[in-house]
Amino acid sequence: MKKSQLKVGVLLSYGQMILSNLISILYTPIMLRILGQSEYGLMSLTSSVISYLGLLQCGLGSSYNYFYYKTKAKNEEDGISRLNGTFMTIYLMIAAIAFLAGMVLVFNAELVFSTGLTTEELEKAKVLMFLSVISLVISFPTSIFGAYLNANEKYIFPRTVTLISTVLGPMVRLPLLFMGYRSIGLSVVSLVFTIVQGIISAYYSIVKQHQRFKFGKIQVGLLKSMYSFSFFIFLNQIVDQINWSIDRYIISRFYGTASVAVYSIGAAINTYYVSISSTVSSVFSPRINRMISEKVDNHDLTQLMIRVGRIQFMILTLILTGFVFFGYYFIVEYYAGAGYELSYVVALLLIIPVTIPLVQNTGIEIQRAKNKHQFRSIIYIIMAFLNLGISIPLCKYFGVVGSAAGTSIGIIIANIIIMNWYYHAKLGLDMKLFWTGIAKLLPAEILPVLFGIVVWKVIGITSVARFLGFGVLYVIIFGISMWFLGMNDYEKSLLSGPIKKILKIHR
């Protein structure tokens, strides 16, 4: 049953991710043209500022699996109820603090955005920030339900709900945009969806999956262990916020909201890209925790990392190489329009270096399950401030491209060079074996890349027909080349298995 949940969960996660990205690709150009550069940039900027309040959870969300399996290993059902009660109590306290802190930001928006915004933009920013704060506050206590379902490897229902929400969201937002409700209307819709999803998640967890909560005096020992484990995840979350959010704030200080919009389009491409990889690794988190609790050796963990990493590499390099050849036309001629040419450069600066850590991000889950994630967090926090120091002067002299370059440098040093050393030397994973397994896929990349170069440099992409025709042909050539020159029998079975089942059903 758990294997079925895992397989269907991965498929639903990828289905939701693909559908979400596809809808965003269709929806964002309409939104951009209705809102304009400045208001889109304002939405992105205010969301980025409020997202810092998410750090108040101090990494607790990522620690639930670890403590759940430690408690379950002792066969303590009452202990799991107390664990749920402890997490819920802490989340409610954090939600209250987040609300107060958020209101301070809303009422002091003039200080937060002291330069770069007009008076009208400042008033709108206050409303957008308030709505974002309420949505964030609600998400804290309701996250315990998703964590419980994930720990029990119940993937189908919550991912189905997310899939439905992905489809319904634009169907509600688009009419509001055409009716003139603009950015505030979109934020209200997001808040409503957050509330509804929270209620559904709570009902399913408590009524259908029998999640229980036992409240009482908080166990000091458990609380210390939780924060000892979560503190370094918290540091890592600070890094993520600095790396992916601070650029917008720096750009707004130097160049205003229009330039924030240009950067945000490139950053949005990177967000889609990152979500593709994290979709798989997040599903494997409970399995990794269980493997480590059962004392599985490092060789088996490395093999798991290779299996997941090869699948991620095939998918990510298809998107990366495709974006190199077709991305400029896509952004300028369809997705964002004229004035967003630099968004293509921003996207490339972000997604090229991040590819390597994304391919091996199962290692992050292994670190956490082994409670050896402290080093990564310390290195990342150091690099985050170095990134900030680099990005400010680069942004000042080179604009949005400079900001993206600063982030890119930080990724290369911390995520690629230092972390690969740590995985191999300190965590016990065989990274030579890992990269040897990944490198076997490289010959399959040659033919599609050569085709892409010919299309890009010789033929040229000058119309929608060429963009779509050559794009589809590129995917077909990539798939055929990967099938015959890259994939092993296990990877081929992942594709052929479902196809054979479908054909059987229709016979």
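Me: Buried means under 20% relative accessible area. How do you know that Leu186 counts as buried in this predicted model?

Reply: The model is predicted, and the computed relative accessibility of Leu186 is 3%. The cut-off is under 20%, so Leu186 counts as buried.

Me: Where does Leu186 lie, and which residues is Leu186 in contact with, leaving aside its neighbours within four places in sequence?

Reply: Leu186 is part of helix α7. Beyond those sequence neighbours, Leu186 contacts Tyr27, Met31, Leu35, Met43, Arg173 and Leu177. Pro170 is 16 residues away along the chain, and its C-alpha atom is 9.4 Å from that of Leu186.

Me: Why are α5 and α7 called roughly parallel?

Reply: Helix α5 covers residues 119-151 and helix α7 covers residues 182-208. Their packing angle is about 15°, and their axes are 9 Å apart. Angles under 35 degrees count as roughly parallel, so α5 and α7 get that description.

Me: What is the hand of the crossing of α5 and α7, and how do the residues of their contact divide?

Reply: The crossing of α5 and α7 is left-handed. In the contact of α5 with α7, 14 residues are nonpolar, 10 are polar and 1 is charged.

Me: What makes α10 roughly parallel to α15?

Reply: The axes of α10 and helix α15 (residues 443-459) cross at roughly 15° and come within 9 Å. With under 35 degrees as the cut-off, α10 is therefore roughly parallel to α15. The crossing of α10 and α15 is right-handed.

Me: Which residues make the contact of α10 and α15, and how do they divide?

Reply: From α10 come Phe313, Thr317, Thr321, Val324, Phe325 and Phe326. From α15 come Glu445, Val449, Gly452, Ile453, Val455 and Trp456. The residues of this contact divide into 8 nonpolar, 3 polar and 1 charged.

Me: Which residues touch the most other members of the largest nonpolar core, and which helix gives the most to this core?

Reply: The largest nonpolar core has 136 residues, and Tyr64, Phe113 and Ile331 touch the most other members. Helix α10 (residues 298-335) gives the most to this core, with 17 residues. Leaving aside neighbours within four places in sequence, Phe113 is in contact with Leu45, Thr46, Val49, Leu122, Ala125 and Met129.

Me: Why does Ser403 count as buried?

Reply: Ser403 has 0% relative accessibility. That value is set against a limit of under 20%, so Ser403 counts as buried. Ser403 is found in helix α13 (residues 374-425). Not counting residues up to four places away in sequence, Ser403 touches Asp247, Ile251, Tyr263, Ser391 and Cys395.

Me: What makes the phi of His210 worth a remark?

Reply: Most residues other than glycine have a negative phi. His210 is not a glycine, yet its phi is positive, about 60°. His210 sits in the loop between α7 and α8 (220-255).

Me: How many helices and strands does the protein have, and what share of its residues is buried?

Reply: The secondary structure comes to 17 helices and 0 strands. Buried residues make up 53% of the 507 residues. Of the contacts with a separation of 6 or more, 86% join residues 24 or more positions apart.

Technical notes. Residues are numbered from 1 along each chain as its sequence is written. This is a predicted model: local features need pLDDT of at least 70, side-chain atom pairs count only at pLDDT 80 or more; totals for chains, interfaces and linings use all residues. Side-chain values use heavy atoms; hydrogens and water are left out. Axes are lines fitted to C-alpha atoms, for helices over the stretch in contact, and angles run from 0 to 180 degrees between N-to-C directions. Helices (H or I, at least four residues) and strands (E, at least two) are DSSP runs, numbered from the N terminus. Angles under 35 degrees count as roughly parallel, over 145 as roughly antiparallel, 65 to 115 as roughly perpendicular and the rest as oblique. A crossing is left-handed if the near helix is turned anticlockwise from the far one by less than a right angle, and right-handed if clockwise. Ala, Val, Leu, Ile, Met, Phe, Trp, Tyr, Cys and Pro count as nonpolar, Asp, Glu, Lys and Arg as charged, and the others, Gly among them, as polar. A nonpolar core is a set of buried Ala, Val, Leu, Ile, Met, Phe, Trp, Tyr and Cys residues joined through side-chain atoms within 4.5 Å. Buried means under 20% relative accessible area, exposed over 50%, partly exposed in between (1.4 Å probe, protein chains only). Contact means heavy atoms within 4.5 Å.
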